[in-house]
Amino acid sequence: MLKTLSEVLAQAEQGGYAVIAPDFPTLYIARILMETAEAVQAPLILSYSTSFKPIRDLRSYAHFVRVVRDEAESYSVPIVFHLDHATNLEDIAEAVDLGFTSVMIDASIEPYAVNLERTLKTVEIAHAAGVSVEAELGHVSSDTDYITTDQFNGFMTDPQEAFRFVQDTDIDALAVAIGTVHGPYKGDPKLDYARLETINQIVSVPLVLHGSSGLSDQHLSRCIHFGIRKINIYTEIIRAILGESLVELTRQTSNPVPVSLAQAKAVQKKLGEYLSYSGSINKGSENIK
Ligand SMILES: [Zn+2]
């Protein structure tokens, strides 16, 4: 069933677990993700990035959103249909209009005042339609080289600023920068748990971890312990899909079906791992009021 981000994360907060938020590039992958969550009765945050728009499963974006919504409604577990990393208000307004149940505004590379203004506007547009809002303060980079530089520290979320930002914007979830990066890690990830603990103590909304692909289950459970309620993954899922596809492609000369089935198996296995780390298995069968 379709739910908003704030509904699903409120349950996660109560239960002390996190909900996995995988990005999906195509409808086929979306369905496998939902089936996998349904099989273990876990809630899911199905995340879509506008960067996937050039892959057109269907003729129009509106039709695509309707199909995803219909599909999500057909499962018994709570499913959030979330727009990931929108940087502008046009994408936000379009997503709210078409029927996403949650949106992320990411103005995290902008100065504080611009981030605040764009987030406020997003909340105004989304909340009027009953759609949840995630925003980011500090910046989760896509450049792993930053990890070894002093500049990286400048991107970390400042706890006091986070407190103010959440109070002033009325967002439903906050993405924090505590040392994770998007994409594959070079070397061991170093996370600032003291910072996360402080943010969690003073910020009133559930916290979101971007760049979770490649973190060990120990890292993830520590993050959950310190208040992370939404875990974003993409790189690991895509790596699994591409890896299994390559193996199958070397065997096939004329039949594409085993290649697609191998992709599905890869998604099931990888998402299954993250669902078990998150503590969300069987949490999707509880009733959400
Ligand atoms: Zn992200």
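In helix 11, the buried residues (under 20% relative accessible area, with exposed over 50% and partly exposed in between, for a 1.4 Å probe and protein chains only) are Val 259, Ala 262, Gln 263, Ala 264, Ala 266, Val 267, Lys 270, Leu 271, Tyr 274, Leu 275 and Ser 278. The model is predicted, so that local features need pLDDT of at least 70 and side-chain atom pairs count only at pLDDT 80 or more, whereas totals for chains, interfaces and linings use all residues. Residues are numbered from 1 along each chain as its sequence is written, and side-chain values use heavy atoms, with hydrogens and water left out.

Helices (H or I, at least four residues) and strands (E, at least two) are DSSP runs numbered from the N terminus. The buried residues of helix 11 pack against strand 2 (19-22), helix 2 (27-39), strand 3 (44-49), helix 9, strand 9 (228-233) and helix 10 (235-251), contact meaning heavy atoms within 4.5 Å. After helix 11 comes Gly 279, which has a positive phi near 80°.

**The metal site.** His 85 (NE2), His 182 (NE2) and His 210 (ND1) coordinate the zinc ion at 2.0 to 2.1 Å, and these donors (N, O and S atoms within 2.8 Å of the metal, or 3.2 Å for Na, K and Ca; sites may look incomplete without water) are spaced as H-x96-H-x27-H along the chain. Because His 85 belongs to strand 4 (residues 79-86) and His 210 to the loop between strand 8 (207-209) and helix 9 (217-225), the pair ties together parts that are 125 residues apart in sequence.

**Selected residues.** His 139 is found in the loop between strand 6 (132-137) and helix 6 (151-154), and, leaving aside residues up to four places away in sequence, His 139 touches Ser 108, Ile 109, Phe 155 and Ala 177. Gly 99 sits in the loop between helix 4 (89-98) and strand 5 (102-105); with residues up to four places away again not counted, Gly 99 touches Val 65, Arg 69 and Phe 81.

| Residue | Class | Relative accessible area |
|---|---|---|
| His 85 | partly exposed | 21% |
| His 210 | buried | 1% |
| His 139 | buried | 15% |
| Gly 99 | buried | 11% |
| Tyr 112 | partly exposed | 22% |
| Phe 165 | buried | 0% |

**Nonpolar cores.** A core is a set of buried Ala, Val, Leu, Ile, Met, Phe, Trp, Tyr and Cys residues joined through side-chain atoms within 4.5 Å. Among the 73 residues of the largest core, Phe 24 and Leu 174 touch the most other members, and helix 2 gives the most to this core, with seven residues. A second, separate core of 13 residues includes Val 8, Leu 9, Ala 21 and Val 80.

**Aromatic pairs.** The structure holds 13 aromatic pairs, in which ring centres of Phe, Tyr and Trp (its six-membered ring) lie within 6.5 Å, with planes under 30 degrees apart stacked, over 60 edge-to-face and the rest tilted. The rings of Tyr 112 and Phe 165 have centres 6.0 Å apart and planes at 70°, so this pair is edge-to-face; it links helix 5 (residues 112-128), which holds Tyr 112, to helix 7 (residues 159-169), which holds Phe 165, the two residues being 53 residues apart. Tyr 193 and Phe 226 form a tilted pair, with 6.1 Å centre to centre and 45° between the planes, and this pair joins helix 8 (residues 193-202), where Tyr 193 lies, to the loop between helix 9 and strand 9, where Phe 226 lies, 33 residues apart. Both Tyr 193 and Phe 226 are buried. Ring pairs also link Phe 24, Tyr 48, Phe 52, Tyr 61, Phe 64, Phe 81, Phe 100 and Tyr 234 into a cluster.
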